[in-house]
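Please keep the sequence and the structure in view while reading.

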Amino acid sequence: PGRASIERFSNLELHTTVDDTVKGRHCLLLGAVAPPDEHLLATLLLAHTLAREGAQGVTALLPYLGYARQDREEPGKSLAAAWVGELLRTSRVDRVITVDVHSASIHTLFPIPVCSLSPAPVFAAELARLGFHDATIVAPDEGALERAEAVRSTAGIERPLAHFVKRRSSAGIVHSRLHGEVGRRAVVVDDILDTGGTLLSACQALREAGAEQIVIMATHGLFTGTRWQSLPALGVTRICCTDTVPLPERAATAGIVVLSVADVIAAHLRAVRQALSA
């Protein structure tokens, strides 16, 4: 492990100090974009410092890539996903490794390569531990189909995938149609649990479709606001997320299950190292 520090001057400006010689070496920077602003700035400043100290290359390992949901080009509105990509490139980051990025459009919006690792092995192992071999894996919208299918196939669940069609109305998220059949136990797979609005609507529809026990598996547990706290009343018996972001105190006291993605990241880094040494 390299030694570096990020501190503030009395005027609150950030400054970094790198205590090891990095010249000619490739540096893997474990950074954070959650909570976004301060952590992102600190990550950018440290990456820039490593490059100025002569690092051969800087890879940013950002388990949760904040701002990735702001990926739609709309007149008069910021395109924050592209902005973060430019900031990373300008700060001399060569490549980004993340976990379960929100949208594939990030690959075209970022000016540097982005590798998104799947948390499917982590969720599949938890399903096996719970004995959920007969569960129905559910995607809460069409955008979650690929990640839900990855969990289903990795877990070896034979029951076909089910998914919702989602639309937004003035009243919030509405799930207008369920494709596929749902059994007694359902597992909803998504990338982010933020306010919980999407999952509340999906779980309500699943209850109406006959699901008695619902488990939620969301990669990044942000747990903002209070709406998500109503999920247990809709038959949700377990909420699982990963350690890609720090678990807020309000969620820690609610019995949320946190699963580690360390093995997934380590396996990828080993594969990269072997490829480079071959």
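This is a predicted model: local features need pLDDT of at least 70, side-chain atom pairs count only at pLDDT 80 or more; totals for chains, interfaces and linings use all residues.

How do α1 and α2 lie relative to each other? Their axes come within 9 Å and cross at roughly 30°, and because angles under 35 degrees count as roughly parallel, α1 is roughly parallel to α2. On the α1 side the contact involves Leu40, Leu44 and His48, which meet Val84, Leu87, Leu88 and Thr90 of α2. Sorted by class, the residues of this contact are 5 nonpolar and 2 polar, with no charged residues.

## Just after helix α2

Serine 91 lies in the loop between α2, which spans 80-90, and β5, which spans 95-99. Is serine 91 buried or exposed? Its relative accessibility is 11%, and because buried means under 20%, serine 91 counts as buried. Leaving aside residues up to four places away in sequence, serine 91 touches Leu44, Ala47 and His48; of these, Leu44 and His48 also take part in the contact of α1 with α2.

Arginine 92, which likewise comes just after α2, takes a positive phi of about 75°.

## Helices α4 and α5

A second pair of helices is formed by α4, residues 120-130, and α5, residues 145-155, which pack at an angle of about 50° with their axes 8 Å apart. With that angle, α4 and α5 are therefore oblique to each other, and their crossing is right-handed. The contact is made by Ala120, Pro121, Phe123, Ala124 and Leu127 on the α4 side, and by Ala150, Val151, Thr154 and Ala155 on the α5 side. These residues divide into 8 nonpolar and 1 polar, and none of them is charged.

## Charged pairs

Side chains of opposite charge can pair when their charged atoms come close. Across the whole structure, a search finds 11 salt bridges. One of them joins glutamate 38 to arginine 8, with the closest N and O atoms 3.5 Å apart. This pair links distant parts of the chain, since glutamate 38 belongs to helix α1 (residues 36-52) and arginine 8 to strand β1 (residues 4-8), 30 residues apart. Glutamate 38 is partly exposed at 46% relative accessibility, and arginine 8 is also partly exposed, with a relative accessible area of 39%. Another salt bridge is formed by glutamate 74 and lysine 77, whose closest N and O atoms are 3.7 Å apart. Here glutamate 74 counts as partly exposed, at 37% relative accessibility, whereas lysine 77, at 56%, counts as exposed.

What does the pairing of aspartate 191 with arginine 147 link? In this salt bridge the closest N and O atoms are 3.8 Å apart, and the pair links distant parts of the chain, with aspartate 191 in strand β10 (residues 185-193) and arginine 147 in helix α5, 44 residues apart. Aspartate 191 counts as buried at 3% relative accessibility, and arginine 147 counts as buried at 14%. Salt bridges that share partners bring Asp100, Arg147 and Asp191 together into one network.

Although aspartate 100 is not a glycine, it has a positive phi of about 50°. With a relative accessible area of 9%, aspartate 100 is buried.

Tyrosine 67 is found in the loop between β4 (57-61) and α2. Its phi is near 75°, which is a positive value in a residue other than glycine. Tyrosine 67 has a relative accessible area of 18% and is therefore buried, given that the limit for buried is under 20%.

Note on methods. Residues are numbered from 1 along each chain as its sequence is written. Side-chain values use heavy atoms; hydrogens and water are left out. Helices (H or I, at least four residues) and strands (E, at least two) are DSSP runs, numbered from the N terminus. Buried means under 20% relative accessible area, exposed over 50%, partly exposed in between (1.4 Å probe, protein chains only). Contact means heavy atoms within 4.5 Å. Axes are lines fitted to C-alpha atoms, for helices over the stretch in contact, and angles run from 0 to 180 degrees between N-to-C directions. Angles under 35 degrees count as roughly parallel, over 145 as roughly antiparallel, 65 to 115 as roughly perpendicular and the rest as oblique. A crossing is left-handed if the near helix is turned anticlockwise from the far one by less than a right angle, and right-handed if clockwise. Ala, Val, Leu, Ile, Met, Phe, Trp, Tyr, Cys and Pro count as nonpolar, Asp, Glu, Lys and Arg as charged, and the others, Gly among them, as polar. A salt bridge is a side-chain nitrogen of Lys or Arg within 4 Å of a carboxyl oxygen of Asp or Glu.
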